[in-house]
Amino acid sequence: MQFTKLASLLTLLATGNVLAAPIDARSNGTAAVQALQDKVAAILETKGNTKKGVENTARTGCPVSNARVRREWSALSKPERKEYIKAVQCLRELPSKSDPEFAPGARTCYDDFVTVHINNTRTIHATGNFLTYHRYLAALYEEALINECGYKGAQPYWNWLAYQDDLHKSPMLDGSDTSMGGNGEYFAHNGSKTAIGWFQPGKGGGCIASGPFKGAVANLGPVAPTMNGLPKSPSPLAYNPRCLRRDFTSRAPQTWFTVENFLNLTTGAASHSIAAFQTELQGRFGDGFLGMHTEGHQSLGADAADLFSSINDPVLFLHHAMLDRVDWMWQALHSCQSRAIAGTRTMGKSPPSDDAQVSDELPI
Ligand SMILES: *[C@@H]1O[C@H](CO)[C@@H](O)[C@H](O)[C@H]1NC(C)=O
Ligand SMILES: *[C@@H]1O[C@H](CO)[C@@H](O)[C@H](O)[C@H]1NC(C)=O
Ligand SMILES: *[C@@H]1O[C@H](CO)[C@@H](O)[C@H](O)[C@H]1NC(C)=O
Ligand SMILES: *[C@@H]1O[C@H](CO)[C@@H](O)[C@H](O)[C@H]1NC(C)=O
Ligand SMILES: [Cu+2]
């Protein structure tokens, strides 16, 4: 790590006043997240032991120790990874329950998730419900894997702070039979359009070339393709079958999947309000700052970069589970604001809309 980066990081750590972590945590992202998570778990344990916590537990019969425990992909054993992959593949084969008049492109149960996400895109991003909506969607997906496909585990997540230089070396994306598939095959193109300008093409761009999702098919989208060669869907929910594509790139993860950014979000300047926190995650595009959420979409590229139909790529659910984890840490560390929301009911208040309310229904 460069000296200047380290120096500002140390300042952040000092002012963040949270991590009594070993020196290792400052250069090792996985350790930094783990150290903060341990602190968060301790806070929640303490709360659970207060009178109110005990009453809540007695009423709901659901102590925190009963919670389903989500883990990082590489923390799953190889047989556990295979169980998860099998359940996702099952969901991608079960028939759709969507009304075919409404969503002619929805053919599988998996597509039903893509359908609601496409239909709601303009009211769930850069809105007051962004975090809650995506948390709920991922939780329902996890329930579907369990209830419809017999999965016994919990939704795993993507460790953002590892393999930023070489996504294809991570156990999640290395193309082995215990990964979520590898990069797309090489497809010549001129780059990807992002919210902060054009990114150079990576070494993929074509159909997924290896692993369990090799040749996987997407039926819906893309609605707003960001790369040449992706066949734009004739209408948002039309049937547009094609192979799912990826184009891994390193620029975004190297720049935004950093310890600095993670600590800023959870304990630093970007953590002081829900508005600052969610903006820092989704990006400050005017500042050329992509943010960890948008970054995850961008680093996978191709289909995962389409704002509307990105969740065609099953890795997106691991991405959102990580987003949820960071949000959960933020909530525990800012308990007075943990139920606060900020933002309107339409994307970036366009078209004009009122502020979102906690009582708003999540349209799924
Ligand atoms: C980073 O930290 C994790 C968790 O503490 C540890 O397992 C891993 O070996 C560390 N990696 C390096 C390169 O230090
Ligand atoms: C589609 O979106 C519209 C507008 O947000 C909403 O009224 C409708 O209920 C949605 N339909 C489905 C099936 O999600
Ligand atoms: C890539 O090609 C498209 C049209 O095919 C064009 O609109 C776009 O500007 C090009 N991008 C770059 C970075 O040249
Ligand atoms: C931390 O977040 C604040 C608020 O968005 C931002 O102004 C600042 O530049 C960020 N700092 C770093 C080191 O990213
Ligand atoms: Cu989304």
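Analyst: Let us begin with a single residue. This is a predicted model. Q278 sits in helix α10, residues 274–282.

User: Is Q278 buried or exposed?

Analyst: Buried means under 20% relative accessible area. Q278 has a relative accessible area of 7%, so Q278 is buried.

User: Which residues does Q278 touch, leaving out those up to four places away in sequence?

Analyst: Q278 touches T127, L131 and A342.

User: How do I read the packing of two helices?

Analyst: Two packed helices are described by the angle between their axes and the distance between those axes. Take α10 again, with helix α9, residues 259–266. The two pack at an angle of about 155°, and their axes are 9 Å apart.

User: What does that angle make α9 and α10 to each other?

Analyst: Angles over 145 degrees count as roughly antiparallel. Therefore α9 and α10 are roughly antiparallel to each other. Their crossing is left-handed.

User: Which residues make the contact of α9 and α10?

Analyst: From α9, N261, N264 and L265. From α10, F277, E280 and L281. By class, the contact has three nonpolar, two polar and one charged residues.

User: Now another pair. At what angle do the axes of α7 and α12 cross?

Analyst: Helix α7 covers residues 130–149, and helix α12 covers residues 315–333. Their axes come within 10 Å and cross at roughly 125°. That angle makes α7 oblique to α12. The crossing of α7 and α12 is left-handed.

User: Which residues of α7 and α12 make the contact?

Analyst: On the α7 side: F130, L131, H134, R135, L137, A138 and Y141. On the α12 side: F317, H320, L323, D324, D327, W328 and Q331. By class, the contact of α7 with α12 has eight nonpolar, three polar and three charged residues.

User: Are H117 and H125 buried or exposed?

Analyst: Both H117 and H125 are buried.

Conventions: Residues are numbered from 1 along each chain as its sequence is written. Chains are lettered from A and ligands numbered from 1 in the order in which they are written. This is a predicted model: local features need pLDDT of at least 70, side-chain atom pairs count only at pLDDT 80 or more; totals for chains, interfaces and linings use all residues. Side-chain values use heavy atoms; hydrogens and water are left out. Axes are lines fitted to C-alpha atoms, for helices over the stretch in contact, and angles run from 0 to 180 degrees between N-to-C directions. Helices (H or I, at least four residues) and strands (E, at least two) are DSSP runs, numbered from the N terminus. Angles under 35 degrees count as roughly parallel, over 145 as roughly antiparallel, 65 to 115 as roughly perpendicular and the rest as oblique. A crossing is left-handed if the near helix is turned anticlockwise from the far one by less than a right angle, and right-handed if clockwise. Contact means heavy atoms within 4.5 Å. Ala, Val, Leu, Ile, Met, Phe, Trp, Tyr, Cys and Pro count as nonpolar, Asp, Glu, Lys and Arg as charged, and the others, Gly among them, as polar. Buried means under 20% relative accessible area, exposed over 50%, partly exposed in between (1.4 Å probe, protein chains only).
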